[in-house]
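Subject: Structure handover

Hello,

Here is the structure you asked about. My notes follow below it.

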Amino acid sequence: MIIVTGGGSGIGRALTHALAKRGERVLIIGRRAQALQETAADSELIETLAADVSEESGRQRILERLKNEPVLKALVHNAGIIEPIAPLSKVSLQDWRQIMTTNVEAPLFLSQKILASFNNLRILHVGSGAAHFPVKAWGPYCTSKAALSMLTRVWQEECPDLAIASIMPGIIDTDMQAVIRHSDMMDPAKHEFFMDLKAKGQLLDC
């Protein structure tokens, strides 16, 4: 079995369908049960679990679900959020903590729990170019993705036998892109850039 978090839409859904077509059993995890079911309708090899990976209770539910699984091949940390899109001077503590718990803490602590029960596990973090290039009003997102990138590198240093990596998938036509286009806090030039990508059909397909 392979776990994909955030499997209800976008990159997670596309990855899940690709894995199922290769004959892999996939457990997709997300907060929206209906979206997960829509993904799972594509194949009998896709199973669902509605759980919030940013919460300890959600991570515990995942462990409970895996109790009778003899083998877990891989864990893909795809779940992530970009909001709040706002200048750092206006970001609330609650919103800051939410993006950090989702984009950084969830991958760390879910991996911790699963590694305690499964050997020879491969782990993949879905990162972003925003980890390396600052964007106005994306402070929380850029910071969280930079932290995720460093998290990957520290895992690699501490556990050289662990197969763990991070990828930057590029600018893809996902729900997150829709959030970006509807934001009124973006730098005008950057906002126009993303609007043009959509209008000209230059976003990558999932």
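The largest cavity is lined by Thr5, Val53, His77, Asn78, Ala79, Thr102, Ala106 and Pro107. On a 1 Å grid over the protein atoms alone, a cavity is a set of points where a 1.4 Å probe fits but cannot get out, a pocket is an open set with protein on both sides within 12 Å along at least five of seven lines, and lining residues have an atom within 4 Å of a point.

This is a predicted model, in which local features need pLDDT of at least 70 and side-chain atom pairs count only at pLDDT 80 or more, while totals for chains, interfaces and linings use all residues. Residues are numbered from 1 along each chain as its sequence is written, and side-chain values use heavy atoms, with hydrogens and water left out.

Cavity

The largest cavity holds about 30 Å³ of space, a volume being the space filled by probe spheres set on grid points that are joined across faces, edges and corners. The count is 1 cavity of 30 Å³ or more. Helix 4 (93-115) gives the largest share of the lining, 3 residues. Helices (H or I, at least four residues) and strands (E, at least two) are DSSP runs, numbered from the N terminus. By class the lining has 4 nonpolar, 4 polar and no charged residues; Ala, Val, Leu, Ile, Met, Phe, Trp, Tyr, Cys and Pro count as nonpolar, Asp, Glu, Lys and Arg as charged, and the others, Gly among them, as polar.

Helix packing

Helix 4 and helix 5 (residues 139-158) pack at about 20° with their axes 8 Å apart. Axes are lines fitted to C-alpha atoms, for helices over the stretch in contact, and angles run from 0 to 180 degrees between N-to-C directions. Helix 4 is therefore roughly parallel to helix 5 (angles under 35 degrees count as roughly parallel, over 145 as roughly antiparallel, 65 to 115 as roughly perpendicular and the rest as oblique). Their crossing is right-handed, that is, the near helix is turned clockwise from the far one by less than a right angle. The contact has 13 nonpolar, 4 polar and 1 charged residues.

Helix 3 (residues 56-65) and helix 4 have axes that come within 10 Å and cross at roughly 35°. This crossing is right-handed. The contact includes Arg59 and Leu63 of helix 3 and Ala106 and Phe109 of helix 4, and it divides into 6 nonpolar, 1 polar and 3 charged residues.

Helix 1 (residues 10-21) and helix 2 (residues 33-40) pack at about 30°, with axes 10 Å apart. Helix 1 is therefore roughly parallel to helix 2. The crossing is right-handed. Arg13, Thr16 and His17 of helix 1 meet Ala35, Glu38 and Thr39 of helix 2.

Pocket and backbone

The second largest pocket holds about 230 Å³ of space. Its lining includes Leu15, Leu19, Val76 and Asn120, and helix 1 and strand 4 (74-77) each supply at least two lining residues. Asn120 lies in the loop between helix 4 and strand 5 (122-126) and has a positive phi of about 55° although it is not a glycine.

The peptide bond from Glu83 to Pro84 is cis, with omega near 15°. Pro84 sits in the loop between strand 4 and helix 4.

Regards

Conventions
Contact means heavy atoms within 4.5 Å.
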